[in-house]
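Hello,

Here is the structure I said I would pass on. My notes on it follow below.

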Amino acid sequence: MNWLNEVVFQNPSVLFALVAIPLIALFYFIKEGVFRPVIRFSSISHVSPLTTLKTKTRHLPFILKMLALGLMIIGLARPQSKNDFQDIKTEGIDIMLAMDVSASMLAQDFKPNRLEASKKLAMSFIDSRPDDRIGLVVFSGESFTQCPLTTDHSVLKNLFAGLKTGMIKDGTAIGMGLANAISRLEKSNAKSKVIILLTDGVNNQGSIAPLTAAELAKPFGIRVYTIGVGSRGKALTPVGLYPDGSYAFDYVDVDVDDETLTKIAEMNGGKYFRATTNEKLKEIYKEIDKMEKTVVEEKLYSQRTDQHLPFLFAALILLLIEFILSKTYYRSIT
């Protein structure tokens with residue numbers, strides 16, 4: 001069956017002639033049964049010595065002819081091997097994810113909280129971009145690179161899974177996070193360079209203002225998408241620490257700097273999204289995925305090699321064997 005999947009016929013209509021083989025065979029065996037002389041004996045003891053190997057195999061020459069005919073028909077149909085070659089060119093996109101890991105990301109207006117929901121959906125986004133180099137920058141009061149641009153997405157996802165609040169001093173240094181992500185893309189040779197910055201607050205730390213950092217992205221042709229995470233109104237949010245290191249929670253107003261995040265995105269050809277629920281955040285990642293599609297070029301080459309000669313050669317061998325047997329071993333009974 002695998003051979004059939006890899007073979008095409010140049011003259012497939014010739015194969016219809018194969019239908020004649022069972023018809024010829026049917027006529028032959030009917031003729032043998034109807035017109036062959038029958039001698040009746042009162043006892044089979046007189047006939048048994050005549051049941052020899054030669055009589056048992058007397059139809060072999062005919063079978064060889066039919067096999068040869070079938071092989072000739074297949075050969076005349078011109079079977080050809082089909083070898084397909086695919087030349088696939090992928091042009092990946094370099095993407096830096098800038099993730100806010102401040103204490104407010106533990107707010108529970110997302111399930112189980114903003115940080116875990118953001119991590120889970122970001123990892124799904126990574127899975128949907130197998131041809132892209134992706135890196136990760138984290139920020140709160142400061143910023144650092146958690147993972148440089150890489151195509152090893154399993155390593156990236158492991159580092160993503162380990163993200164937690166308290167990794168660096170608390171606060172929201174949006175400008176620092178953006179500037180760090182830009183520094184990782186400025187030397188990239190990719191035709192498309194993208195930053196996806198996610199935060200739930202207002203810039204209150206760092207030595208670089210968010211809009212100043214946004215200006216730095218322009219000369220490098222970096223497109224910036226910004227995501228503001230947080231419901232409308234109040235949310236159960238960390239407001240302090242207990243002596244054992246756990247957080248104290250209370251309902252506080254959700255404060256996301258929509259205006260600044262919108263300006264950052266507009267300055268660099270991107271778009272600002274506001275995620276108010278887990279489902280909305282999921283839709284945002286899907287929308288960004290659609291807007292930043294990897295370029296894939298496919299060229300298909302097909303090479304075919306004639307395979308009819310082995311069939312014709314086998315048919316010739318069978319006919320030669322049939323001729324020799326008919327003129328020698330089976331001569332007295334055919």
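Asn-113 counts as buried, at 13% relative accessibility. Please keep in mind that this is a predicted model. Asn-113 sits in the loop that runs between strand 3 (94-100) and helix 5. The side chain of Asn-113 reaches the backbone nitrogen of Leu-115 at 3.1 Å. Leaving aside residues up to four places away in sequence, Asn-113 touches Met-105, Leu-106, Ala-107 and Gln-108.

Next, the aromatic residues. The structure holds three aromatic pairs. In one of them, the ring centres of Phe-125 and Tyr-285 are 5.5 Å apart and the planes stand at 40 degrees, so this pair is tilted. Because Phe-125 belongs to helix 5 (residues 114-127) and Tyr-285 to helix 10 (residues 278-291), the pair ties together parts that are 160 residues apart in sequence. Phe-125 is buried, with a relative accessible area of 3%, and Tyr-285 also counts as buried, at 5% relative accessibility.

Last, a helix pair. Helix 4 (residues 60-76) and helix 11 (residues 308-327) pack with their axes 8 Å apart, at an angle of about 160 degrees. Angles over 145 degrees count as roughly antiparallel, so helix 4 is roughly antiparallel to helix 11. The crossing of helix 4 past helix 11 is left-handed. Residues making the contact include Leu-64, Leu-67, Ala-68 and Leu-71 of helix 4, and Phe-311, Ala-315, Leu-318 and Ile-321 of helix 11.

Regards

Conventions
Residues are numbered from 1 along each chain as its sequence is written. This is a predicted model: local features need pLDDT of at least 70, side-chain atom pairs count only at pLDDT 80 or more; totals for chains, interfaces and linings use all residues. Side-chain values use heavy atoms; hydrogens and water are left out. Rings of Phe, Tyr and Trp (its six-membered ring) pair if their centres lie within 6.5 Å; planes under 30 degrees apart count as stacked, over 60 as edge-to-face and the rest as tilted. Helices (H or I, at least four residues) and strands (E, at least two) are DSSP runs, numbered from the N terminus. Buried means under 20% relative accessible area, exposed over 50%, partly exposed in between (1.4 Å probe, protein chains only). A polar contact is a pair of N or O atoms within 3.5 Å; within protein, one must be able to donate a hydrogen and the other to accept it, and residues adjacent in sequence count only if both atoms are side-chain atoms. Contact means heavy atoms within 4.5 Å. Axes are lines fitted to C-alpha atoms, for helices over the stretch in contact, and angles run from 0 to 180 degrees between N-to-C directions. Angles under 35 degrees count as roughly parallel, over 145 as roughly antiparallel, 65 to 115 as roughly perpendicular and the rest as oblique. A crossing is left-handed if the near helix is turned anticlockwise from the far one by less than a right angle, and right-handed if clockwise.
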